[in-house]
Amino acid sequence: MDIDDILADLDRESTPQENLDLQSLTRSWVAERVAPELIPYPEELMERVLERIARQIEVIEEQTGSMDPKTNFKLIVIQTELERFKFLVRSFLRARIAKIDAHPLHYTNVSATTTITPSLLSLFEHQYLTAHQSLLSTHYRTSFLSQFPTQLQRLDDTTGGISMIDKPDGDAAVFVRVLRDCGVVAVEGTDVRCEMNKGDVFVVRWSAVRGRVLGGDVELI
Amino acid sequence: MYGDQANKLVQHAKRTQALPHLPPYQTELVRNIVREVRTLDTEVTATLAPFAGSFNPSSDPATATQLLVNYMCMRRNKRCLLAYHRVRTEKLEEMVWRGVDVKEREGLSTGGNGGSGSSSSAVVGEGTEGGSALSPEEEEYARQYAELLAAYKGKWTDVDLTGSLEPPRDLFIDVRVLKDAGEIQTEYGAITLTKNSQFYVRQGDVERLIAQGYLQKLS
C-alpha cells in the first residue's frame with residue numbers, strides 16, 4: 001500500500017453515497033453492455049437508485065406549480081439529471097433482458113442450479129424469464145412440435161453429443177481496466193500470461209477475467 | 001431430397017432478418033416439413049420393426065447408416081423449424097417493444113407499397129385478401145408477449161422501460177408534427193399538435209408520439 005492507495009481510500013470515504021451509487025450504477029451498466037453473459041443483479045444498489053428516482057419525481061411534482069424563475073431553473077437541472085438516471089437504469093435493464101432473451105434455457109438452468117447470493121437475476125427478471133420461456137415453448141408446440149415424434153419434442157435435448165441449449169460465449173474478448181493490482185492472470189488453454197497492474201488496460205477473454213470483474217478488481221470498459 | 005424444404009425455410013428466415021416488416025407465414029412449407037419428419041419417423045419404425053428391439057449396428061452397417069441419415073434429417077428439420085419460428089418471434093417481440101401494433105403493421109405491409117396514406121378500410125380489405133402475415137399461433141404469441149411485457153414494465157413505472165435508448169442530451173427538444181395528434185397534456189399546460197407545426201417540448205412528454213411516427217425530432 002503506497003500513498004496513492006491511502007489517498008484513494010480517503011477519497012472513497014469522503015464521497016457521499018449518492019456519488020458512489022452513480023459511479024457503481026455506471027460501472028454496472030457498462031459491464032452489462034460489454035460482458036457476454038449476465039452479471040449478478042445489484043439488488044441493493046438498484047433499490048437505492050430507484051428510491052432516489054421516485055423521490056426526485058415527487059420533488060418535481062411538488063414544485064412545478066410555482067412560477068418563480070429560480071426554482072424553475074433548479075427544476076430543469078433536476079429533471080435533466082433525472083432523465084439521465086432513468087436512461088441509465090432503462091438501458092441497464094434492457095441490456096439484461098436482451099441477454100436473458102438470447103439464452104433463456106441456459107439462464108433457467110443456471111438460476112435453478114445455483115443458489116449463490118447475490119443471485120444472477122432479480123425476482124422480476126426471473127418471473128419474466130419463466131413466463132417468456134413458457135410462452136415460447138407453447139408457441140413452438142402449437143406451431144409444429146406437437147406433430148413431431150415424441151422423442152424429438154424436447155427443447156433441451158442433449159443426446160447425440162450436441163446440447164440444444166445455447167450458451168453465452170465465454171471466450172469473447174472484452175476491454176478491461178485494472179482497478180487493483182491482481183498479479184499474473186493466465187488465459188486458459190493458451191500460454192498467454194499477463195501481469196495486471198493498477199491502471200492497465202487489456203483486451204482479454206471474458207472467461208479469463210470473469211472472476212476478477214465480479215470481485216471488483218477489474219472493470220469493463 | 002430430405003431437408004430441401006427446411007433449407008427453403010431457413011432462407012426465408014434469413015431474408016426475414018433483413019426486412020423491416022414480417023413477411024407472410026409459410027404455412028404450407030412448415031406443414032410439408034412436419035409431414036416429411038413424420039414420414040421419416042414411420043420409415044425408421046418400419047426399418048426397426050423386423051429386429052424387434054435387438055438391432056445391432058455393427059452387424060448390419062447398411063441399415064444402421066440408413067437409420068442415421070433418417071435421424072439426422074429429422075433433427076435438422078426440427079432445428080430449421082425452430083430457427084424459423086425463433087426469427088419470427090424475435091421480430092414480433094421487437095415490434096411489441098417498440099409499441100407498434102402488430103396487426104396494424106402487418107396490415108400495412110400487405111397493403112402494398114402504393115400510397116402509404118391509403119384509407120384504413122382499404123388496408124384492412126387488402127390484408128384479409130392476401131391472408132394474414134401471421135399464423136394464428138403467432139398472433140396469440142404476440143398478444144401474450146405484449147401482456148408479459150406490460151406486466152414486467154409495470155414493475156418499473158418510474159423508468160419507462162420502452163423509452164428511448166439514446167442517451168438524453170437535452171431536456172427539451174424541437175419537434176415537428178407530421179400527423180395530427182390532437183391535444184396532449186404536459187406540466188406546462190396543454191399543447192395542440194396540428195400537422196406541420198413545430199414545438200419546443202420536453203422529450204419525456206412526446207417520446208411515445210415520436211416512436212409512433214406522429215412527431216419528428218429535429219436536431
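Over which residues of chain B does pLDDT stay under 50? In this predicted model, that stretch is residues 107-130 of chain B. The predictor gives the complex an ipTM of 0.77 and a pTM of 0.79.

**Confidence**

- The mean pLDDT of chain B is 77, and 84% of the residues of chain B reach 70 or more.
- For residues 107-130 of chain B, where pLDDT stays under 50, the model has 19 contacts beyond four places in sequence.
- Where pLDDT is low, the predicted coordinates should not be read in detail.

**Overall build of chain A**

- Chain A has 221 residues, of which 21% count as buried.
- Seven helices and five strands are found in chain A.
- Read from the N terminus, the order of elements in chain A is α-α-α-α-α-α-β-β-β-β-α-β.
- Among the contacts in chain A with a separation of 6 or more, 64% are between residues 24 or more positions apart.

**Domains of chain A**

- The domain assignment divides chain A into domain 1, residues 3-167, and domain 2, residues 169-221.
- Contacts between these domains involve seven residues of domain 1 of chain A and nine residues of domain 2 of chain A.
- The side of domain 1 of chain A that touches domain 2 of chain A is made up of five nonpolar and two charged residues, with no polar residues.

**The sheet of chain A**

- An open sheet in chain A is formed by three strands in the order 4-1-5, with antiparallel pairing.
- Strand 4 (201-205) and strand 5 (218-220) of chain A are the edge strands, each of them pairing on one side only.
- From one strand to the next, the twist of this sheet averages 40°.
- Strand 1 (residues 173-178) of chain A is joined to strand 5 of chain A by three bridges, and the two run antiparallel.
- Strand 1 of chain A is also joined to strand 4 of chain A, in this case by five bridges and again in the antiparallel sense.
- V176(A) has a bridge partner in each of these neighbours: F202(A) in strand 4 of chain A, and L220(A) in strand 5 of chain A.
- V176(A) also belongs to the covered face of strand 1 of chain A, together with V174(A) and V178(A).
- The uncovered face of strand 1 of chain A holds A173(A), F175(A) and R177(A).
- Helix 7 (residues 206-215) of chain A lies across strand 1, strand 4 and strand 5 of chain A, and runs at about 120° to strand 4 of chain A.

**Domains of chain B**

- For chain B, the domain assignment gives domain 1 as residues 4-98 and domain 2 as residues 172-218.
- Taken over C-alpha atoms, the centres of domain 1 of chain B and domain 2 of chain B are separated by 49 Å.

**The sheet of chain B**

- Chain B has an open sheet of three strands, which stand in the order 4-1-5 and pair in the antiparallel sense.
- The edges are strand 4 (198-202) and strand 5 (215-218) of chain B, and each pairs on one side only.
- The twist in this sheet averages 40° from one strand to the next.
- Five bridges link strand 1 (residues 172-177) of chain B with strand 4 of chain B, and the pairing is antiparallel.

**The interface between the chains**

- Contacts between the two chains involve 32 residues of chain A and 31 residues of chain B.
- On the side of chain A that touches chain B, the elements giving two or more residues are helix 3 (43-63), helix 4 (69-102) and helix 6 (123-143) of chain A.
- Helix 4 of chain A gives the most to this side, with 12 residues.
- By class, the side of chain A that touches chain B consists of 18 nonpolar, nine polar and five charged residues.

How values were computed:
Residues numbered from 1 in each chain as written. Chains lettered and ligands numbered in written order. Predicted model: local features only at pLDDT ≥ 70, side-chain atom pairs only at ≥ 80, totals over all residues. Domains from an automatic or database assignment. Nonpolar A, V, L, I, M, F, W, Y, C, P; charged D, E, K, R; others polar. Helix = DSSP H or I, 4+ residues; strand = E, 2+ residues; numbered from the N terminus. Buried ≥ 20, exposed ≤ 12 C-beta atoms within 10 Å, placed from the backbone. pLDDT = per-residue confidence, 0-100. Pairing = 2+ DSSP bridges. Axes fitted to C-alpha atoms, helices over the stretch in contact; angles between N-to-C directions.
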